[in-house]
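Welcome! Take a look at it first, and then we can walk through a few spots together.

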Amino acid sequence: MAEQPPLGEVFLAACAEHAGRRAVVDADQEVTYGQLAERVNDRARTLVDLLGPDEYRIALHAANSADYLISYYALLIAGRLPFLVDSQFGATELQGIRDSSGVDTFLTDKPDHFPLPSGLVPVPGSRHVLARPTRPGPDVEPPEPRQTTATCRFTSGTTGAPKCLEFSHTAVHSAALNWTTGTGLGAGDRVLCLAAFTNGLAFNTSLLPVFLVGAELHVYRGLPTSSGIAKALRRSAATRLVAFPLAYRLLAEAPAPDLDTFSDLRLAVSAAAVLDPAVRESFESRYHVRIADYYGIAETGPCTFERDPEYAEGLGTALPGVSLRIFPREDGESEVRVRTASMATCYLNVPDGLEERLDTEGYYRTGDRGLIHQDRLYVTGRLSGPVNLAGRKVDPAEIEQVVLGIDGVRDTAVFADQDARGETVLHAVVCGSLARADVVNVCRTKLAPYKVPGRITFLPAIPRSSAGKVRLTELRDLVTETP
Amino acid sequence: MTDEGIDTGLREQIEKLVEVATGRVVTVADLRAADGSLDMAGVNSIGYINLMEALAQRFGAVIDPEADPQHLMSVDSIARFVRAHA
């Protein structure tokens, strides 16, 4: 794809084109495209005044809100590089981001609870506050981002520092264009987005695509309970719902749904985790709304979408600009590989890390097992890589490192397990004389809440091979036998 | 009744709901070892969502975690909320 103009310009052009239309609805505030552009420009001027000339890498550590959108686009207009950081990240992750990705300044909406000791500067006209961590990072110079990079996002890392993905202006714009074209998103759509803007599900379906076509973005706040989602649908009269599979399960199981609430809804978009076919069937028959379960990867952007309403299985066909292949591996497994126009350029803080994940033809090795049938992609499991916890990727090695640092822990192994509902949970096996609460407490203070192991089992020793590798099958048997 | 005036039966019902909401990953024993604190027992965000659904279905008690997060902190705070609002 040809080089695209800077994202800030693309966004302002969209605002000018749709100036009189409603752009964002958040709680009780409504903002038109014209007002949005004005607020973004004002915020950009404010940030230029507040930020020093060397403060280029700015992390957004905040929950979804209209304020979030304004700060994100203002950073682009102000010539800064926004890093979109999960608002649940704790001290360990933020310190890792600061030290390995060279982010010294954060925009946060929780100044009283910001995990790193920081100097705080209010941003006039915003709930966001500039946080400048007071403890200096290591002397090592962080790597320089590419000049073409427009936005950085994060995926799981193994050492406490989430891996930082650099996306060029062209890649972000391509992802948005491919999504709008491939899914038929139009100016008449009202999109209710339940996913955090930092997550690929929201970033790729909502953050820019909605504005490119002049549609409305409705912000959801709080935990996505069935009553909360129904209330938001009623208020927004949304035509599209963007949510994780969990939300569809809750709606499918809700005891007394108000069907009128769903009368404007035309499409429900799901991604990032496995959607149970029974949930899909129950939701669709109850609400008469199709769930389009698409496939996307943090490193590549959105890959597939089902355009044909007759198909209620699989993850759809390739979006424009996407090439899919199933690669037969030497171990007999079939791996999904993808090449897209919206791929990340590199990992800022893991030199060559992304390049090593590409095959000789530039296809990304996803670590997902799958097949293609009638041009549709089916993902049937994981072959390697991080654990997917309801749409968030977690590398067990990161958790193991934190648990090993707890006083009294001799050894540990963390792996993906299932709870009684069949949901994926992290299971930590710990060797040491301490209690569950000791492990939970330390993990809670150092890690994002969703990374805290749900299941914790204490064993005298962890079975390992002579090379030190955990013998997982044996370990699973042992924990099953442990009360 | 306990010294905090919370019915033991209600407390036990809520402990059981927490256990089910977490897919039995956090047990009643884990909760009691953490003095009833949901966070300290290791309840994660999916567990909280499932619990809120269960509280609404069982008791008609709808807790807004944005406005009133303190009601979701412990078994006792949930019990107090249920008693006051159900």
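Where is the place of A:S342 in chain A? A:S342 sits in the loop that links β20 (334-340) and β21 (346-347) of chain A. Please keep in mind that this is a predicted model.

**A serine in a loop of chain A**

- Is A:S342 buried or exposed? With a relative accessible area of 4%, A:S342 is buried.
- The side chain of A:S342 has a polar atom 2.9 Å from the backbone oxygen of A:T300.
- A:T300 is also among the residues that A:S342 contacts once its neighbours within four places in sequence are left aside.

**Where chains A and B meet**

- On the chain A side, 24 residues are in contact with 22 residues of chain B.
- The size of an interface is often given as the accessible area lost when the parts come together.
- Here the two chains, A and B, bury about 2000 Å² between them, and 61% of that is on carbon and sulfur atoms.
- Three residues, A:L223, A:R421 and A:R436, provide 26% of the area that chain A buries against chain B, which is more than any other three residues.
- How many salt bridges are there between chain A and chain B? There are two, and in one salt bridge the side chains of A:R444 and B:D39 meet at 3.3 Å, N to O.
- Six residue pairs are in polar contact between chain A and chain B, counting those where both residues have pLDDT 80 or more.
- Which elements give two or more residues to the side of chain A that touches chain B? They are α8, α9 and α12 (436-446) of chain A, and α12(A) gives the most, with five residues.
- By type, the residues on this side of chain A divide into ten nonpolar, six polar and eight charged.

**Helix α4 of chain B**

- Helix α4 of chain B covers residues 45-59, which makes 15 residues. From its first C-alpha to its last it reaches 21 Å, close to the 21 Å expected at 1.5 Å a residue.
- Why can α4(B) be called largely enclosed by the rest of the structure? Eleven of its 15 residues are buried, so the helix is largely enclosed.
- The buried residues include B:I46, B:G47, B:Y48 and B:I49, as well as B:F59.
- What do the buried residues of α4(B) pack against? In chain A they pack against α8 (226-236) and α9 (245-253), and in chain B against α1 (8-21), α3 (38-41) and α5 (75-85).
- After α4(B) comes B:G60, with a positive phi near 70°.

**The asparagine at the start of α4(B)**

- B:N44 lies in the loop between α3 and α4 of chain B, and is partly exposed, with a relative accessible area of 25%.
- At the start of α4(B), a side-chain oxygen of B:N44 comes to within 3.2 Å of the backbone nitrogen of B:I46.
- A polar atom of the B:N44 side chain also lies 2.9 Å from the backbone nitrogen of B:G47.
- B:N44 and B:V26 are 18 residues apart along the chain, and their C-alpha atoms are separated by 9.6 Å.

Note on methods: Residues numbered from 1 in each chain as written. Chains lettered and ligands numbered in written order. Heavy atoms only, no water. Helix = DSSP H or I, 4+ residues; strand = E, 2+ residues; numbered from the N terminus. Expected span 1.5 Å × (residues − 1). Buried < 20%, exposed > 50% of the residue type's maximum accessible area, 1.4 Å probe, protein only. Contact = heavy atoms within 4.5 Å. Polar contact = N/O pair within 3.5 Å; in protein donor to acceptor, adjacent residues only side chain to side chain. Buried area = accessible area lost by both parts, 1.4 Å probe. Salt bridge = Lys/Arg side-chain N within 4 Å of Asp/Glu carboxyl O. Nonpolar A, V, L, I, M, F, W, Y, C, P; charged D, E, K, R; others polar.
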